[in-house]
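Here is a short report for a reader new to this structure. Look at the sequence and the model first, then read on.

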Amino acid sequence: MTSDSHPFWTGTQRVVDTAGRTTLGSLAALLQRSALLICNDTGISHIAAATRTPSLVISSGGDARRWAPLASERHRVLSQELDCRPCLHEVCPIGHPCALAIETEQVIAQAQALLDSRRLPIAAQLASVAEL
């Protein structure tokens, strides 16, 4: 699947790769202005939570229940439960089935759902904030 072949990537939506190009402070500022963060299960997901930026976290070897951002309506985690989780290996000895099990279509569907949830009427958004 290419970026041109899926409706998720059409229109005015943009994907920006800032890997290795920001300081921690500028990363937080960038996240505050972002509609959505898609990342692996690292510290950036917690910066997104701190800046109230919706995130989709692809969790591979870590313990998703322990380390996932708490506000589940704003942050979603995709993970595959396997007997080898949580993983303590620096290099996976069995080929990363935890990461490879996450399908592109799952990521796109969850990302679109998070983006769509931000387009709710303001009353619905305020109600969801009040539940926190």
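## Terms and overall layout

A residue is called buried when its relative accessible area is under 20%, and exposed when that area is over 50%. Values in between count as partly exposed.

The model is predicted. Its protein chain holds six helices and three strands. Read along the sequence, they follow the pattern α-β-α-β-α-β-α-α-α. The chain has 132 residues, and 24% of them count as buried. Take the contacts between residues at least 6 apart in sequence: 39% of these join residues at least 24 apart.

Strand β1 covers residues 37-40, and its side chains alternate. L37 and C39 point to one face and are buried.

Strand β2 covers residues 55-59 and runs parallel to β1. Four bridges join the two strands. I38 has L56 as its bridge partner in β2. Between the strands, the chain passes through helix α2, residues 44-50. This β-α-β crossover from β1 to β2 is right-handed.

## Two nonpolar cores

Nonpolar side chains tend to be buried together in soluble globular proteins. Which residues make up the largest nonpolar core? There are eight: L36, L56, L78, I102, V107, A111, L114 and L115. Helix α5, residues 104-117, supplies the largest share of this core, with four residues.

I102 is one of the core residues. Leaving out residues up to four places away in sequence, I102 touches I58, L78, S79, Q80 and V107. A second, separate core has seven residues. Among them are L27, C39, A48 and V57.

T53 sits in the loop between α2 and β2. Is T53 buried or exposed? Its relative accessible area is 2%, so T53 is buried. Beyond four places in sequence, T53 touches L31, Q32, S34, L36, L37, A48, R74 and H75.

H75, one of these partners of T53, belongs to strand β3, residues 75-79. H75 has 4% relative accessibility and therefore counts as buried. The side chain of H75 also makes a polar contact with the side chain of S55, at 2.7 Å.

## S26 in helix α1

Helix α1 spans residues 24-32 and includes S26. S26 counts as partly exposed because its relative accessibility is 32%. Which backbone atom does the side chain of S26 reach? The side chain of S26 reaches the backbone nitrogen of T23, at 2.8 Å.

## Confidence

The average pLDDT of the protein chain is 76, and 73% of the residues score at least 70. Where is confidence lowest, and where is it highest? Confidence is lowest in helix α6, residues 122-130, with a mean of 47. Confidence is highest in α1, at 91.

Two stretches call for care. Residues 1-9 have a pLDDT below 50, and the model gives this stretch 14 contacts beyond near neighbours in sequence. Over residues 121-132 the pLDDT stays under 50. Here the model has eight contacts beyond four places in sequence. Where pLDDT is low, the predicted coordinates should not be read in detail.

Notes: Residues are numbered from 1 along each chain as its sequence is written. This is a predicted model: local features need pLDDT of at least 70, side-chain atom pairs count only at pLDDT 80 or more; totals for chains, interfaces and linings use all residues. Side-chain values use heavy atoms; hydrogens and water are left out. Buried means under 20% relative accessible area, exposed over 50%, partly exposed in between (1.4 Å probe, protein chains only). A polar contact is a pair of N or O atoms within 3.5 Å; within protein, one must be able to donate a hydrogen and the other to accept it, and residues adjacent in sequence count only if both atoms are side-chain atoms. Two strands pair if DSSP finds at least two bridges between them. A crossover is right-handed if, with the strands pointing away from the viewer, the path from the first strand over the helix to the second runs clockwise. A nonpolar core is a set of buried Ala, Val, Leu, Ile, Met, Phe, Trp, Tyr and Cys residues joined through side-chain atoms within 4.5 Å. Contact means heavy atoms within 4.5 Å. pLDDT is the predictor's confidence in each residue, from 0 to 100.
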